[in-house]
Structure formats: C-alpha cells, structure tokens
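Subject: Structure handover

Hi,

Here is the structure I promised to pass on to you.

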Amino acid sequence: MASLWDDLESLVDAPSSFTATTGQRGTIKPKVNFDAGEDAVALRKAIEGLGTTEKTLIDILTHRSSVQRQLICDAYLKATGRTLEEDLKGDTHGDFEDLLVALVTPPAAYDCHEVIRAMKGVGTKDSVLIEIFASRSNQQIKALCDVYLEETEKKLTLDLKKELSGEFSTALLLLAEGNRDESTTVDPDKAREDAKTLYNAGEKKWGTDESKFIDILCHRSIPQLRQTLVEYKNISGKSLQESIEGEMSGALEELLVAIVKCVKNVPAYLAERLYDSMKGGGTDEATLNRIMVSRSEIDLLDIRAEFKKLYSYSLHSAIESDLSGSQGDCVKAICGGDD
C-alpha cells in the first residue's frame with residue numbers, strides 16, 4: 001500500500017484529475033440519438049406500472065450523461081406535473097432510492113447536499129467534508145457554494161465555521177473558499193523553500209507548527225505542491241505524508257493526508273475510499289454512492305485502474321460481492337466494465 005504513495009519519481013509530470021474535463025475518463029457517456037421525451041415516457045411507465053420496473057430506471061439513468069438526465073427531468077415534469085425526483089422517492093427505497101436521486105441531481109447540487117448531510121445531525125461527518133473539499137477543483141467548490149447560497153440563502157463558509165473548530169476548521173475553510181492557486185508553472189526554488197519550511201515546522205522541531213502545513217497545502221497549486229513533495233523527501237528522507245502521520249492526529253491529520261494524496265493522485269485516493277467503504281462488516285453506501293456518481297463522468301475509469309493496482313482485484317468484483325439487489329445492479333452499471 002505504502003509503495004503507491006511513496007512513488008514520487010513520475011509524479012511531477014503525471015496527469016491530474018483537478019484539470020480533467022468531463023467525459024474524458026468517465027464511464028458514463030452522453031447517449032447518441034438521445035430523446036428526453038421518449039426517456040421520460042419510459043421512466044413514467046416504469047414508475048406508474050404495477051410494481052416499479054427497476055431495470056428500466058437503471059438502464060436509462062446510468063446510460064445518459066448528467067446534462068441529458070437534467071433534460072429528462074424537465075421533460076418528465078412537463079409530461080406529469082411532478083418532478084422525477086419526487087416520484088423516485090415515492091417509489092423506491094433506501095440506498096437504491098438515494099442512488100437514483102443522486103443520478104438525477106446536478107453535480108454541484110449533489111456535492112452541496114452531501115456537504116449539508118455531513119453537517120447535519122449529531123457530530124459533523126468530517127470524513128465526508130474532507131473527501132469533498134480535498135478532491136474537488138476550485139470550479140467544483142465554487143459551484144457547490146453557489147448552490148448552497150441559492151438553496152439556504154446563507155454562505156457555506158459561515159455555516160461551516162459554526163460547525164468546526166481548531167486548526168481543522170482553519171484548513172477546511174481555506175479549501176472551501178475555492179481559491180487554490182491554479183498556475184501551471186512550477187517554481188523549483190519556491191518548492192525547495194516550502195519544503196524547508198515544512199521540515200522546520202514539523203520533523204525538525206519539538207511540537208508541530210500546524211499553521212505552516214495548512215498555509216502551504218491549502219494555497220499552492222497542484223503542480224507546485226508535487227514539486228514540493230519531491231523536495232521534501234530530498235530534505236527529510238521521509239515523505240511528507242509520513243511526517244504528517246507521525247506529527248499530527250485527528251481530523252487535521254486526515255485532511256492534510258487527503259490533500260497530499262489528492263495532489264499525487266485523486267483516482268488512487270478515491271479508490272482507497274471506495275475500498276474502505278466496502279471492507280469489514282457493513283458497507284458505507286453513502287460514500288460508495290457519492291464517489292461512483294460524482295466521478296462517473298470525470299475519472300471513474302482511472303479509479304477502476306487504481307483500484308485494481310492497489311488491491312489486485314477489480315472494483316466491479318468488489319461491488320458484486322458487497323452489494324445485492326437493485327442497488328448492486330445500479331452501482332455495477334455506473335462502474336461499467338470489469339477489469
């Protein structure tokens with residue numbers, strides 16, 4: 001496991017999911033000869049008939065792009081006077097219902113609703129916030145903040161501030177601003193200087209100066225941070241991830257390690273999250289649904305490849321042995337092929 005996160009040689013020039021455009025490495029592609037009206041009629045039949053025809057729901061919703069699914073929602077509303085989301089909620093249940101609702105929700109709204117869900121209830125679900133804010137691009141973060149403002153008439157960062165505390169709050173709020181530097185040019189001297197600052201703030205001193213880690217990891221561009229990781233290893237003999245794991249604990253450690261992993265390889269980070277959602281006794285369906293749906297048009301093919309590399313069996317086979325029924329069929333359809 002460690003070997004993947006320790007390989008820094010090829011890192012600097014490797015592709016990054018932060019700059020991936022929709023459609024390139026996804027498993028769900030737009031349907032050719034698409035007809036929203038026709039799909040809306042088929043979905044209506046599947047829902048209104050005696051006993052819902054789950055197969056139709058799965059076939060249509062996992063073989064249309066997100067944009068196409070929104071057009072189907074419009075056509076459905078026009079034809080029935082009801083929203084497709086309401087009808088899916090009334091007609092399906094549990095994790096399968098959540099999955100279908102996720103599929104008919106625009107990506108930014110889905111991210112936003114997951115953030116709201118993480119903030120609700122007793123104890124904020126830190127790991128959900130960490131996964132979303134560490135793996136999304138500035139554009140994705142700004143889009144989810146816009147939806148939050150539209151739906152709640154409040155600023156997400158202000159609401160997050162009430163929920164969180166300490167250095168973890170500081171770091172997460174910086175990410176939630178969506179202002180990470182986006183420059184693609186790397187300044188090697190700056191990378192060396194930052195690596196030295198991190199080394200002096202952690203390994204080299206008694207007690208850790210977390211603010212330096214937060215400042216550098218939450219502001220610098222992805223290419224710049226990749227170079228910094230290489231320089232850090234040269235200076236300290238350890239990877240930055242190992243240093244953070246050794247120096248820090250709790251939610252802040254989890255967040256900073258997630259940032260470092262996403263700087264290196266977002267698909268591998270999400271493959272690990274998927275593995276964790278399925279290992280052990282129960283399945284964390286919410287995490288499984290969220291990653292499968294939110295990455296289905298961005299980099300799910302890469303996530304599948306990283307999963308196979310990490311665990312020597314395919315994501316498809318993991319889903320098959322972990323989930324059953326309609327939800328299993330639907331997640332497998334999003335996953336696409338077996339590797």
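A disulfide here is a pair of cysteine sulfur atoms within 2.5 Å. By that rule, the structure holds zero disulfides. Before going on, please note that this is a predicted model: local features need pLDDT of at least 70, side-chain atom pairs count only at pLDDT 80 or more, and totals for chains, interfaces and linings use all residues. Residues are numbered from 1 along each chain as its sequence is written, and side-chain values use heavy atoms, with hydrogens and water left out.

**Cysteines**

Cys 330 is in no disulfide either, since the nearest cysteine sulfur, in Cys 335, is 12 Å away. Both residues are buried (buried means under 20% relative accessible area, exposed over 50%, partly exposed in between, with a 1.4 Å probe and protein chains only): Cys 218 has 2% relative accessibility, and Cys 330 has 0%.

**The core**

A nonpolar core is a set of buried Ala, Val, Leu, Ile, Met, Phe, Trp, Tyr and Cys residues joined through side-chain atoms within 4.5 Å. The largest one has 99 residues, and Phe 133, Leu 160 and Met 292 touch the most other members. Helix H16 (residues 250-278) gives the largest share of this core, 16 residues. Helices (H or I, at least four residues) and strands (E, at least two) are DSSP runs, numbered from the N terminus. Contact means heavy atoms within 4.5 Å. Leaving aside residues up to four places away in sequence, Phe 133 touches Val 115, Ile 141, Leu 144, Leu 156, Leu 160, Leu 172, Leu 175 and Ala 176.

**Helix packing**

The axes of helix H12 (residues 188-201) and helix H13 (residues 210-219) come within 8 Å and cross at roughly 150°. Axes are lines fitted to C-alpha atoms, for helices over the stretch in contact, and angles run from 0 to 180 degrees between N-to-C directions. H12 and H13 are therefore roughly antiparallel to each other; angles under 35 degrees count as roughly parallel, over 145 as roughly antiparallel, 65 to 115 as roughly perpendicular and the rest as oblique. Where they meet, Asp 194, Thr 197, Leu 198 and Ala 201 in H12 face Lys 212, Phe 213 and Ile 216 in H13 as contacts.

Thr 228 sits in helix H14 (residues 222-236) and is buried at 2% relative accessibility. Not counting residues up to four places away in sequence, Thr 228 touches Ala 191, Asp 194, Ala 195 and Leu 198. Its C-alpha atom is separated by 8.2 Å from that of Lys 190, 38 residues apart along the chain.

In helix H3 (residues 54-61), Leu 57, Ile 58, Ile 60 and Leu 61 are buried. Their cover includes helix H2 (36-48), helix H4 (66-80), helix H5 (84-91), helix H6 (94-103) and helix H20 (325-335).

**Two loop residues**

Asn 33 is not a glycine, yet has a positive phi of about 50°. Asn 33 lies in the loop between helix H1 (2-6) and H2 and is exposed at 70% relative accessibility. Ser 312, also not a glycine, has a positive phi of about 65°. Ser 312 is in the loop between helix H18 (300-311) and helix H19 (315-322), exposed with a relative accessible area of 61%.

Best wishes
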